[in-house]
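Dear colleague,

I am handing over a structure that you have not worked with before, and below it you will find what came out of going through it. Please read the notes with the structure open beside them.

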Amino acid sequence: MADGRQSYAALGQQVELSTAATKRRVDRMRKEGVIRGFGADVNPAALGWSIEAFVEIYCNGQVPPKQMKEFAHAIPEVHDAYTITGEADGLLVVRCTDAAHLERVLGRIRDQHDVLRTRTAIVLSHL
């Protein structure tokens, strides 16, 4: 999980398997959905996304997860979206360039059908 770019040979050494056996296991885990993909861990601030916030959304009645997913995907600044238990109906992870940008994004979220209100927590640091 820490280095998706390492070779099958290097990974095999770590888990004490041959290169071929390691590749077969990785292929099987991909097929079974254990490994969902490989990606780069990009620093958002290096791309100008200096603000990260958690936005709880409170909806009018029950909103199906499919509908929440659709409106979350319609807003490019939404990095992750979850349905959750508790008072809020959903949780969005939002990345923005500055406070004014965040304010505009929050307005777009609140304009979504069935969203009554939001509650936002801005991330100060990652631990």
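Angles in what follows run from 0 to 180 degrees between N-to-C directions, and axes are lines fitted to C-alpha atoms, for helices over the stretch in contact. Please keep in mind that this is a predicted model.

Helix 1 (residues 8-15) packs against helix 2 (residues 19-31) at an angle of about 95 degrees, and their axes are 8 Å apart. Because angles of 65 to 115 degrees count as roughly perpendicular, helix 1 is roughly perpendicular to helix 2. On the side of helix 1 the contact is made by Tyr8, Ala9, Leu11, Gly12 and Val15, and on the side of helix 2 by Thr19, Thr22, Lys23, Val26 and Asp27; these residues divide into 5 nonpolar, 3 polar and 2 charged.

Next comes the sheet, which is open and has 4 strands in the order 2-3-1-4, with antiparallel pairing. Its edge strands, each pairing on one side only, are strand 2 (78-83) and strand 4 (115-122). Strand 1 and strand 3 are joined in the antiparallel sense over 7 bridges, and Ile57 stands opposite Gly90 in strand 3. Helix 4 packs on the sheet, where it touches strand 1, strand 3 and strand 4.

The largest nonpolar core has 19 residues, of which Val55, Ile57, Leu92, Val94, Leu102 and Ile109 touch the most other members. Strand 1 (51-59), helix 3 (65-73), strand 3 (90-96) and helix 4 (99-110) each supply at least two residues of this core, with the largest share, 5 residues, coming from strand 1.

Best regards

Definitions and conventions: Residues are numbered from 1 along each chain as its sequence is written. This is a predicted model: local features need pLDDT of at least 70, side-chain atom pairs count only at pLDDT 80 or more; totals for chains, interfaces and linings use all residues. Side-chain values use heavy atoms; hydrogens and water are left out. Angles under 35 degrees count as roughly parallel, over 145 as roughly antiparallel, 65 to 115 as roughly perpendicular and the rest as oblique. Contact means heavy atoms within 4.5 Å. Ala, Val, Leu, Ile, Met, Phe, Trp, Tyr, Cys and Pro count as nonpolar, Asp, Glu, Lys and Arg as charged, and the others, Gly among them, as polar. A nonpolar core is a set of buried Ala, Val, Leu, Ile, Met, Phe, Trp, Tyr and Cys residues joined through side-chain atoms within 4.5 Å. Buried means under 20% relative accessible area, exposed over 50%, partly exposed in between (1.4 Å probe, protein chains only). Two strands pair if DSSP finds at least two bridges between them.
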